[in-house]
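Student: I have a structure here to go through. Can we start with the pockets and then move on to the helices?

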Amino acid sequence: MDELVRLLPASAGVLGALGAAAGPVAARALLARAEAGDLEAATALVRVTGEAGPAVDVVRGLPEALARRRAAVRVAVELGPAAKALLPLVEERLGAPDRESRADAAAAVWRVTGRRHDTAPVIARQLVRRGALHAPHPGALRALTAMRMLPEEARSAVEHIASSPRRVVGGFPCDGTPHPDLAVRELARGLLALTPLPRQPRSPRNGTGPPGEVCSRAAP
């Protein structure tokens, strides 16, 4: 453990992954770096001690408003409810000009609050068809899978990712990991399995059922 402490700041992520097992020496070293403005160390400190205050202080102390909002999203995604104090900054990011940033902010809001009704649709829009293309966005697929929810506007895109006869993601990994196309297909298939379309009861009079729901949601 002493060696990992000596390797700071490069080892902050490893120490954070160890959690409480990192021990008090690592906790003190992370706190010292957090107090000096190191956001990664402050985030790792939460995982080691549960103390979120330094991470909140680092984010709030950033000099630029945009940097504060971006950092708040990153910390909230990492820490979930422990980052509740940063929620106002995260929600400001919901108005970002690009859909990727809005989706990241929505995922962060969900991690902090558990809200799904207004965050899942924002995340799902990353997957919706753009012209002749679908955007796979593994992060969006993972977030929706964790929510166990698939807004209907994105269902055709997820079905396309799951079953397209052609690759939906390029790349040539050389480290032995599965091809990213296989990974996003697996994510898409898992999400579809979690969120099947609800069966609509047939009307005894005309054989039609009620209109479909806005979102398919997995059973609790």
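**The largest pocket**

Tutor: The largest pocket has a volume of about 220 Å³. A pocket is an open set of points on a 1 Å grid over the protein atoms alone, where a 1.4 Å probe fits, with protein on both sides within 12 Å along at least five of seven lines; lining residues have an atom within 4 Å of a point. This is a predicted model, where local features need pLDDT of at least 70, side-chain atom pairs count only at pLDDT 80 or more, and totals for chains, interfaces and linings use all residues. Residues are numbered from 1 along each chain as its sequence is written, and side-chain values use heavy atoms, leaving out hydrogens and water.

Student: Which element gives the largest share of the lining?

Tutor: Helix 8, with 5 residues. Helices are DSSP runs of H or I, at least four residues, numbered from the N terminus.

Student: Switching topic: at what angle do helix 5 and helix 6 pack?

Tutor: About 155°, with the axes of helix 5 (residues 53–60) and helix 6 (residues 65–79) 8 Å apart. That makes the two helices roughly antiparallel (angles over 145 degrees).

Student: Which residues make the contact?

Tutor: A55, V59 and R60 of helix 5 meet R68, A71, A72 and V75 of helix 6. Contact means heavy atoms within 4.5 Å.

Student: And A26, buried or exposed?

Tutor: A26 is buried, at a relative accessible area of 0%; buried means under 20%, with a 1.4 Å probe and protein chains only.

Conventions:
Buried < 20%, exposed > 50% of the residue type's maximum accessible area, 1.4 Å probe, protein only. Points joined across faces, edges and corners; volume = space filled by probe spheres on them. Axes fitted to C-alpha atoms, helices over the stretch in contact; angles between N-to-C directions. Parallel < 35°, antiparallel > 145°, perpendicular 65-115°, else oblique.
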